[in-house]
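Colleague: I am new to this structure and would like to go through it by question and answer. Please keep to what the model shows.

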Amino acid sequence: MSAAATVKALETPVMDSSYSTLLQNITDEGGYAFASMATLAAGGDTRAAEVAKEMAWEQLHSGPWHSVGPIWRDAYAMACLHVARNHFSSGEFKISLKALDMGLIMGGLTLRDDLNSCIKKVSNALREEDFNSSTYNNNSSEHGQEKSELFGDQEIVSSQHFNLPEVLQLLPSRSLSCKKVERKSGISLEGFLRDHFLCGTPVIISDCMVHWPAKNKWNDMNYLKRIAGFRTVPVEVGKNYLCSDWKQELITFSEQDILIPDYCFAGDGEIRSINAWFGPAGTVTPLHNDPHHNILSQVVGKKYIRLYSASLSDDLYPHTESMLGNSSQVDLDNIDEKEFPKVLDLDFVDCILEEGEMLYIPPKWWHYVRSLTMSFSVSFWWSEAGNSRGP
């Protein structure tokens, strides 16, 4: 039995229950034509669904992102769900999943639960379809290739010798020559809360990722392609987000096999964001700070990380523009000593974050990150109770 035969429709309970209210709110914002197309799309008109999606897309790009009304982000998510449902019912799973991913990336929060549940269902259908296709090709092959040969290991990062002296030549001045970030093995939640969370002190936690499926699987490119080669994710292109040639593009790639660390529940807060970061050696995230507690988990490869205390913010020359206020004007790889003299003598802690290690970065601590090898890591942002608003 094919995947198309076993799963006939995508369920969207949140959209269904709030449909009339959403359409009225969109209409109140001048979206009469969108509401008309969305109504046709709800009846199964695939072309109308695509038109509604394009209408919402144009509204999202009508000016600066912060000036776009939130209702148009919900409208875009709604249209993406219509597109996905119609293509899914026709067995066009890849087209359906791309629409859902775009809704997740660009859409609002109102319909996020529907988008996530639909993504799981479409992904399962795609895997079943891919498995059936692979099994057929394998059984009909003249040479009878074994499945292990079809999906053999193709390591992202090999276990070759890591040359530290060569790496040091690539890092900012004074790297690994000052105070190192403290390393602790299997720290208890109570110890983390007492010694690091409450006093805002970074720490590297080792031996806490051995049970992650990702720890054993994410270094295999064939595995990543097999389970999630059809997912759409935003990718940063350019040296870093402060450069004029920086941009974001959408490509198809990955999914996660991770467990939320218990440390993320310190402070009785809530998870704000979970992000996976994949990139080649030399990828740099310039000096910046984030508003939330952060556990950066290194799944594959190595990263160099330098941290400056939040108390040194004024001496790190933050950008004066509000959009970049959490980023430093200082390029640690090429410091302008005349323009930024205070930076040269500031204390910092740094480390090389190894595979299987987690780094706790307290809120507002400034950090610079450079991938030393091909790297795959995951960051968990969370807020404290009573401070759960986003940035």
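Colleague: Which residues have the most contacts inside the largest nonpolar core?

Modeller: This is a predicted model, in which local features need pLDDT of at least 70, side-chain atom pairs count only at pLDDT 80 or more, and totals for chains, interfaces and linings use all residues. Residues are numbered from 1 along each chain as its sequence is written, and side-chain values use heavy atoms, leaving out hydrogens and water. A nonpolar core is a set of buried Ala, Val, Leu, Ile, Met, Phe, Trp, Tyr and Cys residues joined through side-chain atoms within 4.5 Å. The largest one has 42 residues, and the most contacts inside it belong to F34, W72, M78, L100 and V122.

Colleague: Which helix gives the most to this core?

Modeller: At least two core residues each come from α2 (13–28), α3, α4 (46–60), α5, α6 (93–106) and α7 (112–140). Helices here are DSSP runs of H or I with at least four residues, strands are runs of E with at least two, and both are numbered from the N terminus. With 12 residues, the most is given by α5.

Colleague: What share of the protein chain counts as buried?

Modeller: Buried means under 20% relative accessible area, exposed means over 50%, and partly exposed is in between, with a 1.4 Å probe and protein chains only. In soluble globular proteins, nonpolar side chains tend to be buried together. The protein chain has 12 helices and 13 strands. Of its 391 residues, the buried share is 43%.

Colleague: Which residues does M78 touch, not counting those up to four places away in sequence?

Modeller: M78 is among the residues with the most contacts inside the largest core. A contact means heavy atoms within 4.5 Å. By that rule, and with sequence neighbours up to four places away left out, M78 touches M15, Y19, L22, L23, I26, F34, A38 and L111.

Colleague: How is α3 oriented relative to α5?

Modeller: The axes of α3 (residues 32–42) and α5 (residues 70–89) come within 10 Å and cross at roughly 25°. Axes are lines fitted to C-alpha atoms, for helices over the stretch in contact, with angles from 0 to 180 degrees between N-to-C directions. Under 35 degrees counts as roughly parallel, over 145 as roughly antiparallel, 65 to 115 as roughly perpendicular, and the rest as oblique. The orientation of α3 to α5 is therefore roughly parallel.

Colleague: How many charged residues are in the contact of α3 with α5?

Modeller: From α3, F34, A38, A41 and A42 meet W72, A75, M78, A79, H82 and N86 of α5. Asp, Glu, Lys and Arg count as charged; Ala, Val, Leu, Ile, Met, Phe, Trp, Tyr, Cys and Pro as nonpolar; the others, Gly among them, as polar. The contact has 8 nonpolar residues and 2 polar ones, and the number of charged residues is none.

Colleague: How do α3 and α4 run relative to each other?

Modeller: Their axes are 8 Å apart and the packing angle is about 150°. That angle makes α3, relative to α4, roughly antiparallel.

Colleague: How many nonpolar residues make up the contact of α3 with α4?

Modeller: A33, F34, M37, A38, L40 and A41 in α3 meet A48, A49, V51, A52, M55 and A56 in α4. The contact holds no polar and no charged residues, and its nonpolar count is 12.

Colleague: How are α2 and α5 placed relative to each other?

Modeller: The axes of α2 and α5 come within 11 Å and cross at roughly 130°. The two helices are therefore oblique.

Colleague: Is V167 buried or exposed?

Modeller: V167 sits in helix α9 (residues 164–168), where it touches F162 and L372, not counting residues up to four places away in sequence. Its C-alpha atom is separated by 9.5 Å from that of Y304, 137 residues apart along the chain. Because its relative accessibility is 9%, V167 counts as buried.

Colleague: What is the phi of K364?

Modeller: K364 lies in the loop between β11 (358–361) and β12 (366–371) and is partly exposed, at a relative accessible area of 44%. K364 is not a glycine, yet its phi is positive, at about 70°.
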